[in-house]
Amino acid sequence: MRARIAAIEALSPAIKRITLAAADGTPLPTASAGAHIMLAIPGPGRVWKNAYSLVSPPDARDRYQIIVRRVEPSRGGSAWLHDHAAAGQEIELAPPINLFPIARRAAKHLLLSAGIGLTPFLSYLPVLRGAGQKFELHHCCRHAEAAAFTALLPGTGEAITLHSSRNTLDVLHLLARQRLDTHLYVCGPDPFMVAVLGAARDLGWPEAKLHFESFGGATGGAPFTAHLKRSGITVAVAADQSLLEAIEAAGLQPPCLCRGGACGECALPVLGGVPEHRDHVLSPAEHAAGDIMMTCVSRAKTPELVLDF
Amino acid sequence: MDLIVKPAETFRGAFTARNSDAAILRFPFPFNEDGYMYAVNIEPHVQSGPTAAYDAVFDLDEHYVGECEDRAMVLEEDPLRCQVLPHMLDAEWDTLELLMENLARDYPALFTLTKNGDAWRWVNKPLGLDQSFIFGKTETLPYPPFEYITRQVQGDFTLQDHRDDNLFMDGGMVTSQADWSLNFDLGMSFHEWHGPVPLAHELGVFDRALQYLLRLQNGKPVRRLNWTLTVNPRLDTSPENYPVWGPDRLTITPDNVGEKMCLRVELQTLTRLPRSNAILFGIRGYLIRLEELVRVKKWAARLHRVLRDLPLELADYKGMLRYRQTIVDYLATFDDGAVLNSGTAPEQDRL
């Protein structure tokens, strides 16, 4: 869907908040706390598809807000949003998807974030407060950005603690003193996630109570080519495109149904190359054999695949 | 969408419910080949398909008023047919919003929804309702939000909570079911409530279907068809009421099989709900008497072949062993053995 950039605010030298509205002014789809949207960001020669957590309240249908840190070196997406995006511009947006939802049966929610990883929790807070749910948020950031994050966290008090210098957050102690029906949510840079989740597992927290932002099931990956032997053509599969989409873009009509790696309809025999399997249909033995693959989700470990199609 | 709603008919007692020619031609016939076996037959729920039953997000037809009245009677006798666990309140409002917005858009002559911030007004002309309420405030509606809106839509609904990498049936409105019980299944996980289905577990169907549904995305609903046979056009074939409808199964004879035996098809839709991240499962049932169905030549011949060759376990699970041969003998008279095109479209414009 088309969106229009309604406002851009600098929260710190490297962090901007961007407000989007539907280009035609209609209400946006309702989101849920923890949801993200995908933005198609124009770049030289190609389009970047980047996911950003929504920080606006889930019920707000007049706007979507995201917070973007300028990444150095940037892949292209965040640099464009920081340097070229301007209010009034239109941009392509994919509707919200939630891979990081609130666990509704938790008696208490323990939220741990670092840096820009705070963003999904900004949509949690109005929902948890509105439902009167017990929660505790600990956010870690650089000292230089403490003011920016403090401004994003109104009502800082017993439930919300900002840690802007090293070693003020004792993760082990924090996790050890939680009641048994607490759920843990973690979002931040990889080393932070590994440290927090590792501590929780060491303390015996069950997996069902650990939640972390994950973009599993994504269709993207390294580009490759596929030679379709019977059709006599070769298609280039871009990083943000599925093999199925690339075959369709070449004007062919390959078999497909669910487009999610579950039904098995799009299976094609592999004559050459090594597939990278991402489906839920084939058995581990079939994955290892590598002579059949699901084109809707699976990709390639080798630069080229040869398919019987 | 044009929709002419019949005056009330009955799906019990005298069974006055019948399908018009138009209703027969829009029936979602489920068999695209001459044989049937379980598969993960899920596809995107786009608003087009082999018949007009696929044209709306939530399909209504000429039986709308009669089915809503039958639901009200079932709930009067047994309030446990509608239950929602307390942690699903957001999913209740999600359902109300989804159904009201879609019905008002797809059937503007029958329903209107007016919003002024959180102050909403819902007008349902066929049922004569005009309700103003505050979205999010349960006390401003005559029933809780899920029950309020599903009393006004054809088909059963269940609410699935998504947690622990699984789906849990934590709510539902189930009054026109093919012999399963919400009160029994409430709170069960995906594999638990599918426990009684034969063969499919061994095929891995439920493992794959669950993985697929856990990835179901907002704004991208999917659908599948399921089917069984029901004696008389009776909506409420529940385990709770088995003493009421079970004896009907003994009444099938070669003389009445065409009139009494019905093919029951469920157009099942799965929609991710936006606030709650729950999944709404719609089970929109259609009943067609065999004597109505055989007026479509292709469907008559195909149903004959499917039922004749159905594996024994499936025929047993679907409860048809007692009268399967009677049905097959009846349908055989409409099957000349000619090769049929694949697909489910009726391939005729009139009867």
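Two strands pair if DSSP finds at least two bridges between them; helices (H or I, at least four residues) and strands (E, at least two) are DSSP runs, numbered from the N terminus. The model is predicted: local features need pLDDT of at least 70, side-chain atom pairs count only at pLDDT 80 or more, and totals for chains, interfaces and linings use all residues. Residues are numbered from 1 along each chain as its sequence is written, while chains are lettered from A and ligands numbered from 1 in the order in which they are written.

Select strand E4 (residues 119–124) of chain B together with E5(B): the two pair in the antiparallel sense over 6 bridges. Within this pair, B:Trp120 stands opposite B:Phe133 of E5(B).

Move on to strand E6 (residues 156–163) of chain B. 8 of its 8 residues are buried, so the strand is largely enclosed by the rest of the structure. Buried denotes 20 or more other C-beta atoms within 10 Å of the residue's own, with C-beta atoms placed from the backbone.

Which residues stand across from B:Gln160? In E10(B), B:Ile279 lies opposite; in E7(B), the bridge partner is B:Met169.

Finally, display the hairpin of E6(B) and E7(B), which has 2 residues between the strands. B:Asp164 in the turn has a positive phi of about 50 degrees.

Note on methods: Buried ≥ 20, exposed ≤ 12 C-beta atoms within 10 Å, placed from the backbone.
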